[in-house]
Amino acid sequence: MTNEERRPHRLLVTGGAGFIGSNFTRYWCDRYPEDRVVVLDALTYAGNRDNLSGLEDRSNFRFVRGDICDRALVDSLLAEEQIDTVAHFAAESHVDRSILGPGAFIQTNVVGTFTLLEAFRHHYNTLETGRFLHVSTDEVYGSLEPNDPAFSETTPYAPNSPYSASKAGSDHLARAYYHTYQLPTLITNCSNNYGAYHFPEKLIPLMCINILLGKPLPVYGDGQNVRDWLYVVDHCSALDTVIHRGKPGETYNVGGNNEVKNIDLVRMLCGLMDEMASDLPVRPSESLITFVKDRPGHDRRYAIDATKIKTELGWQPSVTVEEGLRKTVEWYLTHQDWWKPLLSDEYQAYYAKVYGG
Ligand code: NAD
Ligand code: TYD
C-alpha cells in the first residue's frame with residue numbers, strides 16, 4: 001500500500017514521552033504526516049517532554065499529561081479525538097525499580113492496561129475499524145539456558161521479576177479482550193531496545209554516561225547474562241508493520257538476532273567511547289569495569305525467534321548491533337544537555353539504593 005492509498009489514522013500513543021514511545025511518535029509523525037497523533041503520558045521520572053522536541057508545533061500533534069488509570073480522561077480523549085488506533089507503551093519499565101517497589105508496576109502495567117482496554121472496548125462500538133497495539137517484552141517468557149531454543153510466540157509464560165509479571169498480566173488482559181469481546185488487540189513481545197532518548201538507568205546509557213563521567217561501570221554478577229539487542233528504530237518499524245498488517249488477536253515476537261553477553265557489550269561500548277570521545281577522564285574505559293552484586297532473580301538469557309513476523313508480515317531488523325551501538329554512543333556524546341539534567345537528586349537516591357552510595 002502506498003501512502004496515497006492509505007486511510008489516515010488517528011492514534012493515541014500512551015507513554016509517548018518515554019524512550020520507545022517517543023522514538024515511535026517521531027517515526028510515525030515523519031512517516032505518516034497526515035495522521036493525527038495524541039500522546040498521553042503521566043510524565044513520571046522516565047517521561048520527558050524534551051523527548052518530543054520538534055513535534056509539539058505540528059498542528060496534528062497533541063500532548064496530554066495524564067494517567068492511563070484515569071478512566072474519565074481516557075474516555076474523553078478517545079471520543080473527542082475520534083481515536084481509531086491505540087499504541088500502548090505506557091509502563092513502569094525498569095526491573096531494578098520493580099524489585100525496590102513493585103506497587104507502581106501493578107498499578108500502571110496491570111490496572112492501567114485494563115483501564116485502557118475497558119475504555120477502548122466501549123469506544124470501539126463507534127468505529128468502523130480500529131486497532132489496540134499492546135507493546136510488551138520478551139521478559140514475560142522467563143529465562144533461557146545457554147542451549148535452549150529462542151522464545152517463540154508459543155513459549156509458555158514464566159516471568160521472574162515484578163516487572164515481567166506485571167507485563168505478563170497485561171498481555172493476558174489484551175489477549176482476553178480479543179477472545180471475549182472481539183476487541184482487535186495485537187501484542188508484540190520485543191527484546192531489549194537501545195538508541196536515542198534511553199533513560200540513564202538502563203544498561204547502555206548508564207555505561208555511556210559513567211564512562212563520560214569517569215565513574216565505575218557496574219556489571220551485575222559474572223557478566224555472562226545474555227540479552228538480544230534491537231535498535232529502537234527497528235522496533236518502531238516492526239510496530240508500524242504490526243499495526244498495518246498484523247492479524248487481530250495475534251502475538252508477534254520482535255528481536256534483533258543480536259545475542260550478546262553483558263560483559264562483551266560493555267567492552268564494546270568502552271572501545272567505542274575510547275575511539276569516539278576526545279576528552280575522557282579515565283582511559284582506557286575498560287579499567288572502569290567493576291563486577292557488583294547480582295540482581296535478585298536475574299534472568300540468565302533472553303533470545304527471540306522472530307520467524308513469525310518475518311514470514312507472515314515481512315519485517316526484519318535493518319541495523320546491526322555494531323552500527324546501532326556506534327549511533328547510540330554518538331548520540332550520548334552529542335546530547336549531554338539531554339541526559340545531564342536527568343541525573344537529579346531523585347536519580348542519585350535511586351542509584352545509591354541499587355549500587356550503594
Ligand atoms: P520508559 O520507562 O522509558 O517510558 C515509559 C513512559 O510511560 C514514560 O514516559 C512514563 O512517563 C509513562 N508512564 C508511566 N506510567 C504512566 C501512567 N500511569 N500513565 C501514563 N503514562 C505513564 O519505557 P520504555 O523503555 O520506553 O518502554 C515502553 C514500553 O515498551 C513498555 O511497555 C515496556 O514494557 C516495553 N518494552 C520495553 C523494552 C525496552 O528494552 N526498553 C523492550 C520491550 C518492550
Ligand atoms: P537492563 O537495561 O536493566 O534491561 P533488562 O534487565 O530489562 O534486560 O539490563 C540489561 C542487562 O544488563 C541485564 O542483564 C542486567 C544488566 N545490568 C548490569 O549488569 N548492570 C547495570 O548497572 C544494569 C542497569 C544492568
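Tyrosine 197 sits in the loop between β7 (193-194) and α6, and its phi is near 65 degrees, a positive value in a residue other than glycine. The model in which this residue is found is a predicted one, and the secondary structure of the protein amounts to twelve helices and 13 strands. With 357 residues, a compact globule would have a radius of gyration near 21 Å, and the 20 Å of the protein therefore agrees with that expectation. The C-alpha trace spans about 60 × 45 × 40 Å along its principal axes.

**Ligand 1**

- Ligand 1 is surrounded by 28 residues, of which the closest are Ile20, Asp41, Ser93, Tyr163 and Lys167.
- The elements that give two or more residues to the shell around ligand 1 are α1 (19-31), β5 (131-137) and α5 (162-181), and the largest share, three residues, comes from β5.
- Sorted by class, the shell around ligand 1 holds 13 nonpolar, twelve polar and three charged residues.

**Ligand 2**

- Around ligand 2 there are 18 residues, and those that come nearest are Glu139, Pro218, Arg295, His298 and Tyr355.
- Backbone atoms supply polar contacts here: a polar backbone atom of leucine 203 is 3.0 Å from an oxygen atom of ligand 2, and a polar backbone atom of tyrosine 220 is 2.8 Å from an oxygen atom of ligand 2.
- On its own, ligand 2 has 510 Å² of accessible area, of which the protein covers 97%.
- Both α6 (203-213) and β8 (217-220) supply at least two residues each to the shell around ligand 2, with the largest share, three residues, coming from β8.
- The shell around ligand 2 divides by class into eight nonpolar, five polar and five charged residues.

**Cavities**

- Rolling a probe the size of a water molecule over the atoms shows where empty space is left.
- Two cavities of 30 Å³ or more are counted in the protein, and about 50 Å³ of space lies in the largest cavity.
- The lining of the largest cavity is made up of Val95, Glu139, Ser161, Arg227, Arg295, Pro296, Gly297, His298, Asp299 and Tyr302; Glu139, Arg295 and His298 in this lining are also among the residues that come nearest to ligand 2.
- By class, the residues lining the largest cavity comprise three nonpolar, three polar and four charged.
- The second largest cavity has a volume of about 40 Å³, and its lining consists of Tyr45, Ala46, Gly47, Asn48, Asn51, Tyr197, Phe199, Trp338 and Leu342.
- Six nonpolar and three polar residues, with no charged ones, form the lining of the second largest cavity, and Tyr197, the residue with the positive phi, is one of its members.

**Backbone geometry**

- Most residues other than glycine have a negative phi, and most peptide bonds are trans.
- Against that background, tyrosine 197 has a phi near 65 degrees, while a cis peptide bond joins arginine 283 and proline 284, with omega about -10 degrees.
- Proline 284 lies in the loop between α8 (262-276) and β13 (289-292).

Terms used
Residues numbered from 1 in each chain as written. Chains lettered and ligands numbered in written order. Predicted model: local features only at pLDDT ≥ 70, side-chain atom pairs only at ≥ 80, totals over all residues. Heavy atoms only, no water. 1 Å grid on protein atoms, 1.4 Å probe; cavity = no way out; pocket = protein on both sides within 12 Å on 5 of 7 lines; lining within 4 Å. Points joined across faces, edges and corners; volume = space filled by probe spheres on them. Nonpolar A, V, L, I, M, F, W, Y, C, P; charged D, E, K, R; others polar. Near = heavy atom within 4 Å. Helix = DSSP H or I, 4+ residues; strand = E, 2+ residues; numbered from the N terminus. Rg over C-alpha atoms; globule rule 2.2 N^0.38 Å. Polar contact = N/O pair within 3.5 Å; in protein donor to acceptor, adjacent residues only side chain to side chain. Areas by Shrake-Rupley, 256 points an atom, 1.4 Å probe, with all protein chains shown as cover.
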